[in-house]
Amino acid sequence: GQHLITAIAEQMFGFKTTSWELGRHRSVIELDTPSMTAEQTEALERTVNEKIRERVPVVVRELAADDPEVETVRSRGLPDDHVGPVRVVDIEGIDSNMCCGTHVSNLSDLQVIKLLGTEKGKKNKTNLIFLAGNRVLKSIEQSHSTEKALTSLLKNGPGEHVEAVKRLQSSVKLLQKNNLNLLRDIAVLIARDFKSKPVQSQLFVLHRKEGDSEFMNIIANEIGAEETLLFLTVGDEKEAGLFLLAGPVEAVENLGPRVAELLGGKGAGKRGRFQGKATKMSRRGEVQALLQEFISHRSPEV
């Protein structure tokens, strides 16, 4: 398949193959061209499949290394340490190429070739991705299974899948926006409720499963951290999440790394804020005990 595509791409468009990779799931040919249009790809695919349907014979020959015909064969040249005859694979009327690999005896054995498109390659080149033979059938089977699953999930036909997904994406974006706005409102209300109490505690602790860094920072901004030490967390109650320690600068600088260590996470901070990611949210109680002990030592009257 690679030999056929390489030969036809050069004949039709002058695109030379500079390297190729036969992968486990898909194969790639690197072409010496900065780009390849969709029309060129379509024409190339159509032509290689025409050659397969024409049942063009493939013949393997062995030539002596000093045979003048060797010079006419497409190749990168023989290795310096080569000995013995030179193996040449001929696709009748299409290509003659040095190769040591296993080949079909007729192009019809390839069954079909599907060009999946192109990707930008290295050094101003283009990678052409292709499937051949049974891999085309397997790809169709996989695509059909995906199509059936989407039909069941989206409750419409394959022709409407794209529009249905677009509508879902729009709905999700709107819901996310509304959710963020509600979280901001909740954060403000939580902070105001704390500040409205006649006697404010020197330690404020809050965990909320639904939330993000902005949610925690809004609370910290609203409460103010000049006197109160705040320990805020969001995410899974027993596994991973985010944390924020806010309060007097000296206290936060002292306690921040210890809080991160207890929570099995990492963080950083400045100007009275220390925040980061945690992997052991189940140890929040230990952090709270640490903070309470710190406050007790700092304020004996508490």
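How many bridges join strand β4 to strand β5? In this predicted model, where local features need pLDDT of at least 70, side-chain atom pairs count only at pLDDT 80 or more, and totals for chains, interfaces and linings use all residues, the answer is four, with β4 (residues 86-91) and β5 (residues 95-98) running antiparallel. Residues are numbered from 1 along each chain as its sequence is written, and side-chain values use heavy atoms, with hydrogens and water left out. Strands (E, at least two residues) and helices (H or I, at least four) are DSSP runs numbered from the N terminus, and two strands pair if DSSP finds at least two bridges between them. Valine 89 has asparagine 97 of β5 as its bridge partner. Three residues separate β4 and β5 in this hairpin, and glycine 93 in the turn has a positive phi of about 75 degrees.

Turning to the sheet, four strands form an open arrangement in the order β1-β2-β7-β6, with antiparallel pairing. Its edge strands, each pairing on one side only, are β1 (17-22) and β6 (113-120). Within it, five bridges link β2 (residues 27-31) to β7 (residues 126-132) in the antiparallel sense, and serine 27 stands opposite phenylalanine 130 in β7.

Helix α2 packs on the sheet, touching β6 and β7 (contact: heavy atoms within 4.5 Å). Residues 38-53 make up α2, and α1 spans residues 2-13. In α1, Leu4, Ile5, Ile8, Ala9, Met12 and Phe13 meet a set of α2 residues that includes Gln40, Leu44 and Lys51. The residues of this contact comprise 10 nonpolar (Ala, Val, Leu, Ile, Met, Phe, Trp, Tyr, Cys and Pro), one charged (Asp, Glu, Lys and Arg) and two polar (the others, Gly among them).

Definitions and conventions:
Axes fitted to C-alpha atoms, helices over the stretch in contact; angles between N-to-C directions.
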